[in-house]
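Subject: Structure for your review

Dear colleague,

Please find below the structure that I am handing over to you. I would be grateful if you kept it open while reading the notes that follow.

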Amino acid sequence: MYTYDAVLGPSSTQEQVYAATAQPIVESVLEGYNGTVFAYGQTGTGKTFTMDGGLDPRQRGVIPRAFDQIFAFIQGGDCGASHFLVRASYLEIYNEDVRDLLASNPRNALDVREDAEGSVYAKGLHAFLVKSPAEMASVLQVGKRNRVVGETLMNRDSSRSHAIFTVTIERADQAPQGGPATGGTIRVGKLNLVDLAGSERQMLSDMHERQSATGAVGERLRESARINLSLSALGNVVSALVDGRTGHVPYRDSKLTRLLQDSLGGNTRTVMLACVSPAPASAGETLSTLRYAHRAKAIRNRPRVNEDPKDAMIREFQEEIACLRAQLASAELPAGDPAAGGGAERLLPAEEMGAQTRSSASTRALNAQDGGSRLAGAAVGQHAAVAEAAAAAAAAQAEALTRQQAETHAERAKKEELARQLRELESRMLRRDAHHSGRDNPRRVANLAAKEADGLKQVAEVARAHMAARKINASLQVELEYTADALRSQEAARVSAEERAAEERAALLEDARRLRQQLALQDLVLASFVPAREVSKVLQRAHWDEERESWALASPQASGSADAPAMHARRPSATPGALRPTCAWARAAAASGAPRFLAENILVLERDVPARAALGFDDPGAQAALDALFEWREDEPRLELPEGRAAFAGLDAPAWGALPRASYEARPQSARGRPRSGSEFGARR
Ligand SMILES: Nc1ncnc2c1ncn2[C@@H]1O[C@H](COP(=O)(O)OP(=O)(O)OP(=O)(O)O)[C@@H](O)[C@H]1O
């Protein structure tokens with residue numbers, strides 16, 4: 001029997017699903033834990049629907065509801081002052097490639113790395129700072145458009161990849177006096193929202209069978225093979241964690257298990273949503289999913305609050321803000337400084353100042369001249385000199401003041417830039433003040449709405465630019481895929497041609513080896529049995545007949561060689577009456593006794609005549625009996641002996657006559673009337 005933490009039937013609402021599964025996980029993430037919610041199940045059972053949901057607000061899935069919960073908490077009215085930094089990233093694992101769904105080119109594969117603390121991450125993955133559920137939803141939409149989906153018989157928009165939407169929430173508590181927290185605790189929670197690809201158990205060996213179940217063909221088959229590879233790796237990890245017998249957990253077997261390493265048996269609170277189909281035809285898959293989920297339930301994770309991590313971005317923000325504030329403070333001009341604030345209005349331009357000074361001096365000089373009629377001339381000259389000195393001093397003072405004014409302007413510009421940077425940085429951090437709810441204050445709500453609208457505009461612009469880039473990318477991608485296909489087919493043709501050539505070469509080598517063997521054998525036969533002279537004669541006459549594709553022997557005359565007449569002349573001529581052609585030279589050689597030329601009868605045997613009995617020789621009739629015996633012809637059935645010769649050789653006539661003819665027939669008779677075959681030469685002997 002299988003047991004689960006919650007079972008939600010077909011009539012359950014999305015809200016109930018969220019409350020039973022993801023809500024507690026999101027709460028933990030806001031407290032600084034890692035959390036993972038992943039949907040597992042056969043294709044078409046509603047994983048994507050559960051995670052994303054439908055268009056109707058009541059059908060919103062786990063992901064948008066999690067956004068709401070996160071920002072509701074940040075903007076909520078609970079006690080405690082905190083600053084939050086929220087980032088979102090979105091990736092998919094397609095055919096064992098990790099792809100950034102928010103990148104300008106989402107088809108680029110990212111490397112999976114492990115940091116010094118053992119956390120696994122995708123290198124180069126974009127993370128966007130978000131400040132509202134609407135911004136987060138925009139990010140999600142951009143990523144979803146980039147995700148690979150394909151049609152199968154069981155689902156028109158089947159997810160062909162595993163998608164992981166990650167929200168990282170950094171939280172800095174105990175902000176001092178309304179400013180950003182610089183010395184307080186920092187907690188970082190990471191929420192993984194995972195929509196796995198369909199878990200149809202499609203092994204390569206039974207692909208054809210599966211093909212009929214899912215309608216997957218071609219690319220779908222390859223995708224399914226990869227999907228099942230990573231899902232079986234996930235199953236192996238689950239088994240290894242549950243069994244606990246082996247210390248080794250095969251996280252490295254797939255990118256999916258690598259990236260979910262922390263979520264399975266690590267520092268994460270994890271919920272697995274097992275989606276099943278009520279269709280009887282899917283009973284096998286349903287049972288397999290239920291078994292899988294039951295096993296996964298036994299995994300024991302070790303979640304802990306991630307406090308003060310070294311790489312917290314919010315800390316960098318705080319330090320930067322503190323630094324900017326310090327710079328701003330040092331840039332403050334003293335209150336009494338005439339150049340500060342409204343001091344500029346009290347300042348006179350240098351030229352004006354000099355002119356005023358000069359005019360008062362000349363006035364004083366004129367007055368002195370007026371008085372000259374009444375005063376002595378020496379006194380007039382003294383007053384004029386004093387007036388000149390006063391004018392020079394006033395001009396120098398005016399110049400110094402102009403310089404000071406320019407410096408003040410520059411400092412003010414710098415200060416304004418610092419203030420702008422500070423505002424910008426602070427605006428990226430979300431702030432939740434103690435005893436203050438944004439929803440209570442209409443002006444604050446209006447401000448937030450305006451900011452959100454700005455943010456949305458920005459995200460929309462980014463999305464538009466992204467879409468334009470995507471279109472270009474898509475056409476380039478199509479071209480690239482076309483070229484890649486052409487290259488692949490050329491490569492396949494080249495490989496098969498090479499293989500064919502290699503086979504043919506091997507066959508040719510084998511033929512050549514066999515032909516060499518035959519040639520060697522024929523050489524052996526020639527060398528052993530055919531005189532070299534005869535061989536050379538054949539070689540001279542042999543020629544290759546192109547039409548018949550075979551060797552032929554030319555007649556001696558046609559061969560045209562110088563030896564041809566001699567060869568012809570040396571040919572032995574047949575001897576009339578002889579059993580075979582015999583030349584005169586052979587006859588002479590035979591007469592000399594050379595066995596080679598003794599025709600067939602090279603053994604000369606004496607006639608095997610029984611020893612003569614005295615009776616036989618004494619009896620003159622014996623010769624007649626012997627003669628009769630020699631004269632006995634094969635067509636005569638019986639040997640007729642002369643009268644009275646029955647007692648010859650101890651045999652009576654009936655016994656002679658009864659001698660079976662077969663006893664004599666074994667002997668060959670080459671010529672009629674002759675006892676045996678024999679050549680002329682043999683006959684003479
Ligand atoms: N609870 C539900 N209420 C209404 N419609 C649903 C529900 N669950 C699933 N659907 C519909 O069923 C279809 C398939 O669902 P979905 O795409 O979520 O399956 P999936 O498990 O993600 O499949 P795949 O693994 O192939 O991606 C979709 O059209 C979806 O809208």
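**The annotated binding site**

An unreviewed UniProt entry lists G41, Q42, T43, G44, T45, G46, K47 and T48 under "binding site". Please bear in mind that the model is predicted.

Two residues of that list illustrate how the site is placed. Q42 sits in the loop that lies between β1 and α3 (47-51). Its relative accessibility is 5%, and a residue under 20% is classed as buried, so Q42 counts as buried. T48, in contrast, belongs to helix α3. Its relative accessible area is 29%; this falls between the 20% and 50% limits, and T48 is therefore partly exposed. Leaving aside residues up to four places away in sequence, T48 touches G53, S159 and D195.

**Strand β1**

Is strand β1 enclosed by the rest of the structure or open to the outside? Of the 7 residues of β1 (residues 35-41), 7 are buried, so the strand is largely enclosed by the rest of the structure. In a regular strand, side chains alternate between the two faces of the sheet, which means that each face can be examined separately.

Which strands pair with β1? Strand β11 (residues 186-195) runs parallel to β1 and is joined to it by 5 bridges. Within this pairing, T36 has N192 of β11 as its bridge partner. Strand β12 (residues 269-275) also pairs with β1 in the parallel sense, over 7 bridges. Here, G35 has R269 of β12 as its bridge partner.

**Cavities**

How many cavities of 30 Å³ or more does a search of the whole structure find? The search finds 3. The largest cavity holds about 60 Å³ of space. It is lined by 11 residues, of which I93, N95, E96, H162 and I227 are the closest to its centre. Both β2 (82-94) and α7 (219-243) contribute at least two residues to this lining. The largest share, 4 residues, is supplied by α7. Sorted by class, the lining consists of 3 nonpolar, 4 polar and 4 charged residues.

Yours sincerely,
A colleague

Definitions and conventions
Residues are numbered from 1 along each chain as its sequence is written. This is a predicted model: local features need pLDDT of at least 70, side-chain atom pairs count only at pLDDT 80 or more; totals for chains, interfaces and linings use all residues. Side-chain values use heavy atoms; hydrogens and water are left out. On a 1 Å grid over the protein atoms alone, a cavity is a set of points where a 1.4 Å probe fits but cannot get out, and a pocket is an open set with protein on both sides within 12 Å along at least five of seven lines; lining residues have an atom within 4 Å of a point. Grid points are joined across faces, edges and corners, and a volume is the space filled by probe spheres set on the points. Ala, Val, Leu, Ile, Met, Phe, Trp, Tyr, Cys and Pro count as nonpolar, Asp, Glu, Lys and Arg as charged, and the others, Gly among them, as polar. Buried means under 20% relative accessible area, exposed over 50%, partly exposed in between (1.4 Å probe, protein chains only). Two strands pair if DSSP finds at least two bridges between them. UniProt positions are given in the numbering used here, feature names are shortened, and annotations may be inferred rather than shown by experiment. Contact means heavy atoms within 4.5 Å.
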